[in-house]
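Me: I would like to go through this model with you. Could we begin with the strands and then turn to the core?

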Amino acid sequence: MKTVLEVSAIENGTVIDHIPSGSLFKIMNILQLENITNRITFGNNLESKRMGTKAIIKISDMEVPQEALNKIAIFAPMARVNYIKNFEVVRKLSVSVPDTLEGSIRCANPICVTNKEPVTPKFEIVDKEKVTLRCHYCEKITTQEQFEIIK
């Protein structure tokens with residue numbers, strides 16, 4: 001069987017792979033890719049043995065910071081990150097869902113104090129597999145389908 005690259009290699013930068021297809025644009029939003037001038041390659045609905053379909057993002061000449069990777073884990077808990085130098089993978093890591101999350105997601109409860117006052121949302125992660133959050137203030141459970149990113 002012949003292997004065909006669906007997305008070309010990059011010389012230096014970051015590759016984020018195994019992103020659920022439905023989360024690609026949320027992750028691009030988290031990374032604020034619309035604001036950078038680096039070369040960006042992305043693919044969506046690519047074939048994946050593990051996931052059925054997946055998305056991938058390749059960003060030239062940029063290393064994604066850990067804080068952003070924590071946010072990415074909320075939308076893509078199975079994502080893999082590869083740091084590339086001279087077309088070679090120099091470091092691989094899996095994202096991991098943090099125990100707590102602060103300031104990234106809006107509470108799903110419209111009457112929560114975080115949606116009414118200038119208070120930073122804080123959540124405890126109650127299920128890392130299904131990525132389910134409990135608000136620190138109102139204790140409302142927020143599921144992945146309800147996530148709304150705060151800029």
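Predicted model: local features only at pLDDT ≥ 70, side-chain atom pairs only at ≥ 80, totals over all residues.

Me: In what sense do β2 and β3 pair, and over how many bridges?

Reply: Strand β2, residues 40-48, pairs with β3 in the antiparallel sense over seven bridges. Within that pairing, Leu46 has Lys54 of β3 as its bridge partner.

Me: And β1 with β3, parallel or antiparallel?

Reply: The sense is antiparallel, with five bridges between β1 and β3. Thr14 has Ile59 in β3 as its bridge partner.

Me: Is β3 mostly covered or mostly open?

Reply: Mostly covered: of the nine residues in β3, seven are buried.

Me: Now the core. How many residues does the largest nonpolar core have?

Reply: The largest nonpolar core has 34 residues. Among those with the most contacts inside it are Ile16, Ile57, Ile74 and Ile105. Elements that give two or more residues to this core include β1 (13-19), α1 (24-30), β3 (52-60) and α2 (66-75).

Me: Which element gives the most to this core?

Reply: That is α2, with six residues.

Me: What lies apart from it?

Reply: Another core, of five residues, lies apart from the largest one. Its members include Ile10, Val15, Leu46 and Ile84.

Me: Back to Ile105: what does it touch, leaving out residues up to four places away in sequence?

Reply: On that basis, Ile105 touches Ile74, Phe75, Pro121, Phe123, Leu133, Phe147, Glu148 and Ile150.

How values were computed: Residues numbered from 1 in each chain as written. Heavy atoms only, no water. Core = buried A, V, L, I, M, F, W, Y, C linked by side-chain atoms within 4.5 Å. Buried < 20%, exposed > 50% of the residue type's maximum accessible area, 1.4 Å probe, protein only. Helix = DSSP H or I, 4+ residues; strand = E, 2+ residues; numbered from the N terminus. Contact = heavy atoms within 4.5 Å. Pairing = 2+ DSSP bridges.
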